[in-house]
Amino acid sequence: MSRLSELGLLPQPFEKQHDSTASSTREEDHAYIEPLLDITPDFFLERNRTPEVKDNLDEWYEHKQKGELIASILCGDARAWIPEGVARRTASIRALGAGGDDEFKERFEAIMNSKGVSTVAFIGHHDGMLFVPKKAPRGCGITDEHGRQMLSGEEVNGEGYKDFASKHVRHEDPVMQTIYSSQDTLELTDKPVGAFALDHRTGIILPVGYFHHPKQGGYTSETGMNPKYFDKRHYNAPAIYHDGMPKLTEDQAMKMPDNLIEYWLDWEKEMEKVRNEYARNGVDYRQALKVQNPSIISLSTDPRPLGIIYRLGPNTAFKLRVPRASIEDDEFIAPEKLQEVLNQAHYPIDQNTRNFNSPEAAFSNTHTLLIQTRSMEKSEQIAQVAISKPYIMDWLNLPDQRHPHQIIVGQIHQGKVVDMKIFARNEHGQLA
Ligand SMILES: [Zn+2]
């Protein structure tokens with residue numbers, strides 16, 4: 001099959017300049033470099049008009065009509081990737097650190113409560129290869145940033161991702177963050193809510209919590225840790241991670257509704273296939289997913305995952321959801337919500353601005369900001385607000401010799417691209 005290699009999405013082994021005086025570590029021997037995708041409006045149009053994408057969209061629509069979608073809240077991280085078969089029944093909500101405070105979750109209340117959605121899943125991610133027992137997981141840039149701010153006592157004000165990490169992230173531990181978010185969500189929806197921990201180096205997810213508070217009564221709260229740790233004052237990483245990740249026992253996990261159990265198990269099965277496909281092409285998935293380096297930053301109002309609309313593989317796009325009033329609603333995004341999304345987009349933009357000249361560095365590939373909504377006019381309005389931000393204008397103007405920086409705007413309707421064009425493109429430091 002080799003779908004990912006056919007699509008040109010597999011990373012290549014990265015040949016480090018050999019320094020005979022230094023002994024290279026094992027990790028360096030297995031480093032990979034992400035392909036720099038040549039992205040134009042046609043790149044998206046062609047990928048969107050294949051029979052496979054049509055099947056994906058038909059299946060997604062069917063799940064929506066039957067009320068079977070799982071609203072999934074994940075970080076924008078390009079390595080926090082939903083496998084394609086699972087993505088076909090996912091209403092995707094992407095926000096830095098997978099969740100946040102009440103105010104932030106309310107922005108997505110309408111999607112969670114839409115008729116097409118049966119269940120909610122919060123999926124926090126971390127780097128499993130950095131995991132050490134008795135310590136909180138690390139590797140989500142934004143919960144790590146929140147932890148840094150807590151430790152240094154730094155007061156953050158103004159615009160950008162630091163402001164977002166300060167105001168909208170609840171905990172520096174991505175597992176606690178998903179537990180908090182899941183619990184708080186019970187005030188917004190009476191649908192079942194699952195909390196999962198995703199190791200983005202393997203794509204393996206583990207259930208760490210399950211909560212349900214239906215209107216007609218009853219309350220379920222299952223976690224793999226003592227509930228006393230839910231109180232931030234009693235948080236105790238050495239106890240919570242004493243024996244590894246605090247996953248649900250089999251009995252606890254079986255209390256989840258069937259569709260959530262299937263979602264979890266199908267995710268596992270599909271990721272195994274993906275890792276095997278990488279291996280057949282001589283690529284170790286865990287090493288390939290070490291450095292985050294997407295070519296695309298996507299801002300989209302469409303609840304369909306980007307992976308089914310364009311069939312993009314892991315580590316190709318950093319994704320953020322622009323909230324809409326509901327799945328079908330056409331109401332324009334309120335300026336303060338848009339500001340919040342641009343604050344999040346600042347994270348990959350800032351990293352690229354520092355790293356664009358070093359192909360092996362994180363976010364060095366990130367050259368395209370894709371903005372898609374249901375009307376070209378709205379996409380252009382968002383792009384206009386984006387370029388009024390100095391950090392986005394400065395990024396657009398970077399003299400990147402490998403690929404021009406650009407903003408592409410699109411009109412997308414139910415996952416189908418209606419129109420796509422370049423809004424601004426910078427050839428070697430000259431804005432066209
Ligand atoms: Zn993250």
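The buried residues of H17 pack against strand S9 (296-300), H16, strand S11 (368-373), helix H18 (390-396) and strand S12 (405-413). Here helices (H or I, at least four residues) and strands (E, at least two) are DSSP runs, numbered from the N terminus. A contact means that two C-beta atoms, placed from the backbone, lie within 7 Å.

This is a predicted model, in which local features need pLDDT of at least 70, side-chain atom pairs count only at pLDDT 80 or more, and totals for chains, interfaces and linings use all residues. Residue numbers start from 1 along each chain as its sequence is written.

Let us stay with H17 for a moment. Its buried residues are Ser-379, Ile-382 and Ala-386. Seen down the axis of H17, they fall within an arc of 60°, so they line one face of the helix. That arc is taken over the directions from the helix axis to the C-beta atoms. A residue is buried if 20 or more other C-beta atoms lie within 10 Å of its own, exposed if 12 or fewer, and partly exposed in between; these C-beta atoms are placed from the backbone.

Leaving aside residues up to four places away in sequence, Tyr-347 touches Leu-96, Gly-141, Ile-142 and Tyr-161.
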